[in-house]
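I opened this notebook to record what I looked up in one structure. The entries follow the order in which I consulted it.

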Amino acid sequence: MSTTSTNVVGLRPGVLPDSGRPGFAVYLHWPFCAAKCPYCDFNSHVRHQGVEQQAYVAAFRAEIAHMRQLSGPRTVSSIFFGGGTPSLMEPSTVDAILTAVGRAWDMPDGIEITLEANPSSVEAERFRGYRAAGVNRVSLGVQALNDADLRVLGRLHNTAEALTAIGLARDIFPRMSFDLIYARPQQRPDDWARELEYAIDLAADHLSLYQLTIEEGTPFWGLHKAGKLVVPDGDLSAELYELTQEVTTAHGLPAYEVSNHARPGAESQHNLTYWRYGDYAGIGAGAHGRLTMPQGKVATANERNPEAWLASVTERGHGMVETTPLETSEQADELLLMGLRLREGMDLKRWRALSGRTLDAERVAFLESHGFVQPMGPDRIRCTPKGMLVLDAVVADLAS
């Protein structure tokens, strides 16, 4: 990376507690995949004819410059390349984009820079190229550690390739995480417990563990409606969730968010910026953002189609299709929704400042008496593990 403001040697040690100033993150969306997984409703697109990466580099540069005009001078606390499959990018593409971010905003040494990668698109030289460009944390989309379930999930890699990718990531990057999906078709608790313990042995310091959800518009949705795809029911899904908490806690990777587990100090700074309701610039096709500007906080959303986004940036300097001012009451609702996902809970002082009110004491007492929430002094509240199982209902009750 040509900018001198980023230290590619490592990461800042540890993650700071919530100070009420959650930072400013940059999210960069690479929307292309080698194939579309049947459960995925993310903004991802297959282009068999290939992608002219230099054209997208120019567009990223332009949109980064536009976001800098909107945000003003900021200090970046983390950067995340998501997708899609960012590991389909050439290392030179990653380098050029990081250089553009460094020119737009202040990038202190050692900030967390994460890139998502699929095991099927991993090779050692490409990983070393990302590392040289400044990436110091990789997140692998493993999803399962047996070949039968990988085929069910429509993944292009097998278990051996996943293990090779995990080994390379541990060797090359200071930090590594990988994703697994559970509550898969026909999955039993004892099978999941063994797979999870195996995953913990492989993990360096972080795991993202997601329950399979059947999203409308995906191939899995149609199969599920037709009765051709049977997933665990509510009771079994709850049992698998509780088992996940027990096993990860026992092995030193407790949940710090509903689906994310880390050794203390290894939490994802980028994810914490979202859940602590910080600002983030969303750049690339389909990216969303939250920016505090002179007129207040706004929600941004970009054109989803990659070619349409590219044309818009070429013509206008950005691909945004929505810039929506957020009332303080809307910000309070978002803070509540995001903050209660965290084990550390939500900052009530910020919520009161945004909402102009206090939480209903009777509702808090009711939820506490049923074991769903736990007040942490006068200025914080969090969901209990039991409350996490019905998080949407807890949030709706507190927000009303």
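**Entry 1: the model.** I noted at the outset that this is a predicted model.

**Entry 2: strand S4.** I looked up strand S4, which covers residues 78-83. I found it mostly covered, with six of its six residues buried. I then asked which residues point one way from S4 and which the other way. Ser-78, Phe-80 and Gly-82 point one way, while Ile-79, Phe-81 and Gly-83 point the other way. Residues on both sides are buried.

**Entry 3: the partners of S4.** I next looked up the pairing of S4 with strand S1, which spans residues 24-30. The two strands run in the parallel sense and are joined over six bridges. Within this pairing, I located Ala-25 opposite Ser-78 of S4. I then turned to strand S5, residues 112-117, and found that S4 pairs with S5 over four bridges, again in the parallel sense. Here Ile-79 stands opposite Ile-113 of S5.

Entry 4: I looked up what unit S4 and S5 make with helix H2. Helix H2 comprises residues 91-104, and S4, H2 and S5 together make a right-handed β-α-β unit.

Entry 5: I checked the peptide bond between Gly-83 and Gly-84 and recorded it as cis, with omega about 20 degrees. Gly-84 has its place in the loop between S4 and H2. For context, I noted that most peptide bonds are trans.

**Entry 6: Thr-114.** I selected Thr-114, which lies in strand S5. Is Thr-114 buried or exposed? Its relative accessible area is 0%, so Thr-114 is buried. Leaving aside neighbours within four places in sequence, I listed its contacts as Ile-79, Phe-80, Phe-81, Arg-137 and Ser-139.

**Entry 7: positive phi angles.** I recalled that most residues other than glycine have a negative phi. I therefore recorded two residues separately.

- Gln-143 is not a glycine, yet its phi is positive at about 75 degrees. I found Gln-143 in strand S6, residues 137-143. Gln-143 is buried, because its relative accessible area of 8% is under 20%.
- Tyr-277 also has a positive phi, near 65 degrees. Tyr-277 lies in the loop between helix H9 (269-275) and strand S11 (279-283).

Methods
Residues are numbered from 1 along each chain as its sequence is written. This is a predicted model: local features need pLDDT of at least 70, side-chain atom pairs count only at pLDDT 80 or more; totals for chains, interfaces and linings use all residues. Side-chain values use heavy atoms; hydrogens and water are left out. Buried means under 20% relative accessible area, exposed over 50%, partly exposed in between (1.4 Å probe, protein chains only). Two strands pair if DSSP finds at least two bridges between them. A crossover is right-handed if, with the strands pointing away from the viewer, the path from the first strand over the helix to the second runs clockwise. Contact means heavy atoms within 4.5 Å.
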